[in-house]
Amino acid sequence: MASTPDPRRSSGIELVDDFSLEMTGKDNAALAEATGTVPPGTRINVTFLGNENLNMRVAAAAAVRAAGFEPIPHISARRLVSVAELDEFLEALATRAQATEVFAVGGDPEAPLGPFPDALSLITSGRLQAHGVTAVSIGGYPEGHPDIDDATLWEALEAKATALHDAELDGSIITQFGFDTGPVLSWLQELRSRGIQLPVRIGVPGPAGVKRLLTYARRFGVSSSAGIAHKYGFSLANLLGTAGPDRFITDLAAALDPALHGDVRLHFYTFGGLQATARWVADFDTGH
C-alpha cells in the first residue's frame with residue numbers, strides 16, 4: 001500500500017523547520033529588531049567581509065549568542081594574513097561568543113593574503129580544534145561557480161568532507177543561493193552518489209526587491225535574468241516589485257526524497273533584510 005504524502009513536507013513547512021539566517025558585522029541593530037520573530041536557538045551565520053574588522057565580526061557573533069541564537073562565524077581563508085590572526089579571531093570567538101562551529105570558505109581575494117589558500121587548509125591546520133571548534137560548515141555550488149569548473153569544485157568538496165572526517169569534526173554544507181530547483185536536486189543526488197552524507201542547507205534568497213535579487217544573482221554568476229524570472233515566478237516588467245522564495249521552497253519540498261537527497265534544510269541569505277526575512281519565514285509557516 002502506498003504511503004500517504006506528508007502535507008508538511010509537500011507544502012514546504014517541514015523544510016523551513018530549523019532554518020538558518022545570515023547577517024553581517026553591521027547588522028546588530030537589525031538582529032535586535034528581529035529577535036522576537038526568530039525562534040530561539042536559530043543558527044545565524046556571521047559574514048567575514050573585507051570591509052569588516054575583527055572586532056566587528058566578534059561583536060556580531062557575541063550579539064547573536066546574547067540574543068539566544070547559535071552563532072556560526074565565517075572564516076575567509078584568503079583574507080587571513082597569518083596564523084596568529086586566525087588564532088586571535090578564534091580565541092575572541094570562543095571567549096566572547098562561545099562559538100563552537102564556524103563556516104570555512106576560501107574567500108574573494110584572487111591571491112591569499114597569508115598562509116591559507118582555501119577552506120581545506122583551515123580544516124587541516126589543527127587551529128580550529130585548538131580553540132574549541134567542534135563543527136565546520138563548508139560551501140557548495142549547485143549552479144556552479146563563475147570562476148571554478150565543476151570538476152575542481154567536486155574535487156575540493158570531497159577533499160574537505162574527507163578532511164572533516166579525519167579531523168573528527170562534525171560537518172555540514174551550506175550552498176550558494178539559487179533560483180532554480182532543478183540544479184539543486186541534481187547536485188544533491190550527485191553529492192550523495194559520491195558518498196558525501198553531510199547535512200545540507202540549501203541557500204535561498206530572502207524576500208527582497210526584484211532589482212536587488214537580480215543584482216546579487218549576476219554578481220555570483222547565477223543563471224540569466226530571464227531564467228530566474230521564469231523559475232522564481234516574478235516579472236522582469238516590474239523591477240520595482242518584491243519577490244519571496246515561496247515558489248522555490250514549495251517546488252523543492254515537493255521533489256525532495258530523503259532516501260535520495262539526504263538531510264536537507266534551508267539557509268536564508270537576507271541581503272540586509274534580517275527582520276523582513278524572519279517575518280517572511282514566520283508568515284510562510286503560518287500560511288501553510
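Colleague: What makes you place Leu191 in a helix, and which one?

Modeller: Leu191 lies in helix α9. Helices are DSSP runs of H or I with at least four residues, strands are runs of E with at least two, and both are numbered from the N terminus. This is a predicted model, where local features need pLDDT of at least 70, side-chain atom pairs count only at pLDDT 80 or more, and totals for chains, interfaces and linings use all residues. Residues are numbered from 1 along each chain as its sequence is written, and side-chain values use heavy atoms, leaving out hydrogens and water.

Colleague: Why is Leu191 called buried?

Modeller: Buried means under 20% relative accessible area, exposed over 50%, partly exposed in between (1.4 Å probe, protein chains only). Leu191 has 0% relative accessibility, so Leu191 counts as buried.

Colleague: What does Leu191 touch?

Modeller: Contact means heavy atoms within 4.5 Å. Leaving out residues up to four places away in sequence, Leu191 touches Trp154, Leu157, Ile173, Ile196 and Val200. Trp154 is 37 residues from Leu191 along the chain, with their C-alpha atoms separated by 8.6 Å.

Colleague: What makes β7 and β10 a pair?

Modeller: Two strands pair if DSSP finds at least two bridges between them. Six bridges join β7 (residues 200-205) to β10 (residues 264-269), so they pair, and they run parallel. Arg201 stands opposite Arg265 in β10.

Colleague: Where does helix α9 pack?

Modeller: Helix α9 (residues 181-193) packs on the sheet, touching β5 (135-140), β6 (170-175), β7 and β10.

Colleague: In what order do the strands close into a barrel?

Modeller: Eight strands close in the order β1-β2-β3-β4-β5-β6-β7-β10, with parallel pairing.

How values were computed
Axes are lines fitted to C-alpha atoms, for helices over the stretch in contact, and angles run from 0 to 180 degrees between N-to-C directions.
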